[in-house]
Amino acid sequence: MTRREEIIKLLEKEPTSAQQLANFFKVELFEILGDLGHVRSSIKPRKLKMIPAQCKHCGFKFEERSKIKKPTKCPRCKDERIMAPLFEIE
Ligand SMILES: [Zn+2]
């Protein structure tokens, strides 16, 4: 099984952040981001869904940011404890 196929299996099971995937496969984050791009197009018509990053302090949701990378700071309370966006396959 290729890494991309394994990623699809994992994301079908539970929502996972890109960093968790990078840790799991012991590769750099940018490699996972590349994989996710391919996964997104290879699973059609199913969708790769992103659960937006959220501030752990005030609950601010980074809805308008469709970036895969995790934001570093909350625009509302300036807290830096941000929950990474999670990916899942519906
Ligand atoms: Zn906040």
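Two strands count as paired if DSSP finds at least two bridges between them. Helices (H or I, at least four residues) and strands (E, at least two) are themselves DSSP runs, numbered from the N terminus. In this structure, 3 strands form an open sheet in the order E1-E5-E2, and the pairing is antiparallel. Strand E1 (16-17) and strand E2 (48-51) are the edge strands, each pairing on one side only. Between E1 and strand E5 (residues 86-89) the antiparallel pairing runs over 2 bridges. Thr 16 has Phe 87 in E5 as its bridge partner.

The structure is a predicted model, in which local features need pLDDT of at least 70 and side-chain atom pairs count only at pLDDT 80 or more, while totals for chains, interfaces and linings use all residues. Residue numbers start from 1 along each chain as its sequence is written.

The chain as a whole has 3 helices and 5 strands. Read from the N terminus on, the elements follow the order α-β-α-α-β-β-β-β. The C-alpha atoms fill a box of roughly 45 × 30 × 20 Å along the principal axes. The radius of gyration, taken over C-alpha atoms, can be set against a globule rule of 2.2 Å times the number of residues to the power 0.38. For 90 residues a compact globule would have a value near 12 Å, and the chain, with 13 Å, agrees with this.

Burial is counted from C-beta atoms placed from the backbone: a residue is buried if 20 or more others lie within 10 Å of its own, exposed if 12 or fewer, and partly exposed in between. Buried residues make up 13% of the 90 residues in the chain. Contacts are defined by C-beta atoms, again placed from the backbone, that lie within 7 Å. Of the contacts in the chain with a separation of 6 or more, 53% are between residues 24 or more positions apart.

Next come the helices. Two packed helices are described by the angle between their axes and the distance between the axes. The axes are lines fitted to C-alpha atoms, for helices over the stretch in contact, and angles run from 0 to 180 degrees between N-to-C directions. Helix H1 (residues 3-13) packs against helix H3 (residues 29-42) at an angle of about 75°, with the axes 10 Å apart. H1 is therefore roughly perpendicular to H3, a label given to angles of 65 to 115 degrees. On the H1 side, Arg 3, Arg 4, Ile 7 and Ile 8 meet Asp 35, His 38 and Val 39 in H3.

Lys 26 lies in the loop between helix H2 (18-25) and H3. Its phi is positive, about 55°, although Lys 26 is not a glycine. Lys 26 counts as exposed because it has 6 C-beta neighbours inside 10 Å. Further along, Pro 45 is in the loop between H3 and E2, and the peptide bond from Lys 44 to Pro 45 is cis, with omega near 10°.

The loop between strand E3 (54-55) and strand E4 (82-83) contains Pro 71. Pro 71 has 18 other C-beta atoms within 10 Å and so is partly exposed. Pro 71 and Cys 55 are 16 residues apart in sequence, and their C-alpha atoms are 9.5 Å apart in space. Lys 78 is also placed in the loop between E3 and E4. Lys 78 has a positive phi, near 65°, in a residue other than glycine. With 10 C-beta neighbours inside 10 Å, Lys 78 counts as exposed.

Notes
Parallel < 35°, antiparallel > 145°, perpendicular 65-115°, else oblique. Contact = placed C-beta atoms within 7 Å.
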